[in-house]
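Please read this note with the model open beside you. The points below take up some helix packing and then a pocket.

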Amino acid sequence: MERTKKLGLGSAVSVCVGLIVATSCLLSLGQGMGLAGKNFIIALFVVLILNGFLALSFSELHSMMPKAEGGLGQYTLVGLGPVASMVSTLSAYVIVDILSGSVEIAMCGTVLNQIFLPQIPAPVISVIVLGVLSYVNYKGVDFFARIQNIVVFLLLASFLLMGIISFFHLGTGEIVTAAQQTKPQVTGIGGIVSLSALAFWLFIGIEFVIPVSKDLKNPKRDVLLAMIIGIVVLFGVQALLGVGMTQYVTLQELASNPMPHMLFAQRCMGQAGVYWMGIVTLLAGISTVNTVLGGIPNILSGMAENDLFPKAFQQKNKYGVPAAGIGLLSGGITALIVTGFTQSSGLTNIILAASCFWLTSYIMVNITVLVLRRRYPDAEGRNKKLVLLGIPQVICIIGDIYMIFNIAEGDARILIYKIFATLLLALIAFSVIWVKGIKKMGTVECPEMQTVNTLA
């Protein structure tokens, strides 16, 4: 019998880091540093702590349901019922990936337009790139699969190297002196902490290590450890790169420029930096969107199999691919590009709207942990030393709500709330109608934990 090679802690950390690293992180980092200067690192640290607590929640749920590889959707199904499961899954994976995927593909189009194809409009390039990615995923060809680890390594190494070059003034560009540097727009501890919603995007998705947990040598230890090590590594790299950005670009320019990471690369290393950052943007964007188109349709297929989504999303084409999911995602991303919603000036707002949805899902996850502790006080797998009276979960819930309520200021805040509220209400309405009206299930009817763990 052929033995499957098990993955070690290093590979688990790579999964955590690789699925978080994206060009939208560079955009968020540049905007955050521009708004608060070096004090944005405080917001990064606050989110680091919150994500550490969140890792405890995911680790506990995984320990109790190690076979539930679907992650937060299956966890919330057991803890809060089918409506919450649909809302959390569609929020975190469908709406977030449509919003963030549109940002990633829009930046790919902008970079290709500015550097290589100035004669073709950026939205047209974006739609073409998305079409190619949709086609190869429809054919069941994940052309990044075999080189994904290499791509992730190159991306993270680029971030780190750019951080070192800029932090230690090794670039070819002119350094911004203290006299030349502009003052930050956001000051005071309250204002700085309010930027945690923007900083949150730089750590989002740590739970993606759970679907590969079955392939780990020591999943009970490595799932939690990989999440903790992953966010600490990201914090270090992003803090270094963020400070480096302020060495070559004024805060005012970082905050106002629609592509701050490209401006930074040009100021730090000239045209060579532009090409380098352009390649990084393309690799990260294409890799991220390719991962979304290759993975999320399978999650929708699993939901359909459990009667939590239309059966059309369960059906697979002749290549074994659930094509309806690809159509939903690519159609949503295309709509945002064609309507002009992804114009560069609005990319940050789209990211923050997506953050609201993922924060909502994380609130449900932490509530699920507290509910299951009460419902299954003696459940196997739970590490009682890490229960800590539920304090981490309560802090996470409060922190997530705080970030949603302090997502932005002025007109941007109103726009973000409109996007969030409209889509969330539509999502809740669809979930209730589907569960109660079509499938005739109880909206909060929770299956037994062991049942979900066995069937997963």
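1. Contact here means heavy atoms within 4.5 Å, and helices (H or I, at least four residues) are DSSP runs, numbered from the N terminus. The model is a predicted one, in which local features need pLDDT of at least 70 and side-chain atom pairs count only at pLDDT 80 or more, while totals for chains, interfaces and linings use all residues. Residues are numbered from 1 along each chain as its sequence is written, and side-chain values use heavy atoms, with hydrogens and water left out.

2. With that in mind, L26, L29, G30 and M33 in α2 meet Q238, L241, G242, V243, M245 and T246 in α10. These contact residues divide into 6 nonpolar, 4 polar and no charged, where Ala, Val, Leu, Ile, Met, Phe, Trp, Tyr, Cys and Pro count as nonpolar, Asp, Glu, Lys and Arg as charged, and the others, Gly among them, as polar. The axes of α2 and α10, being lines fitted to C-alpha atoms over the stretch in contact, with angles from 0 to 180 degrees between N-to-C directions, come within 10 Å and cross at roughly 55°. The two helices are therefore oblique to each other, given that angles under 35 degrees count as roughly parallel, over 145 as roughly antiparallel, 65 to 115 as roughly perpendicular and the rest as oblique.

3. Helix α10 (residues 219–248) also packs with α3 (residues 40–64), and their axes come within 9 Å and cross at roughly 170°, which means that α3 is roughly antiparallel to α10. By class, the contact of α3 with α10 has 17 nonpolar, 5 polar and no charged residues; among the residues that meet are I41, L44 and F45 in α3, and P219, V223 and L224 in α10.

4. How do α3 and α14 cross, and at roughly what angle? Their axes come within 10 Å and cross at roughly 50°, and so α3 is oblique to α14.

5. Turning to the second largest pocket, its volume is about 610 Å³. A pocket is an open set of points on a 1 Å grid over the protein atoms alone, where a 1.4 Å probe fits, with protein on both sides within 12 Å along at least five of seven lines, and lining residues have an atom within 4 Å of a point; grid points are joined across faces, edges and corners, and a volume is the space filled by probe spheres set on the points. The lining has 26 residues, of which L35, L352, A408, E409 and A412 lie nearest the centre, and α14 gives the most, with 4 residues.
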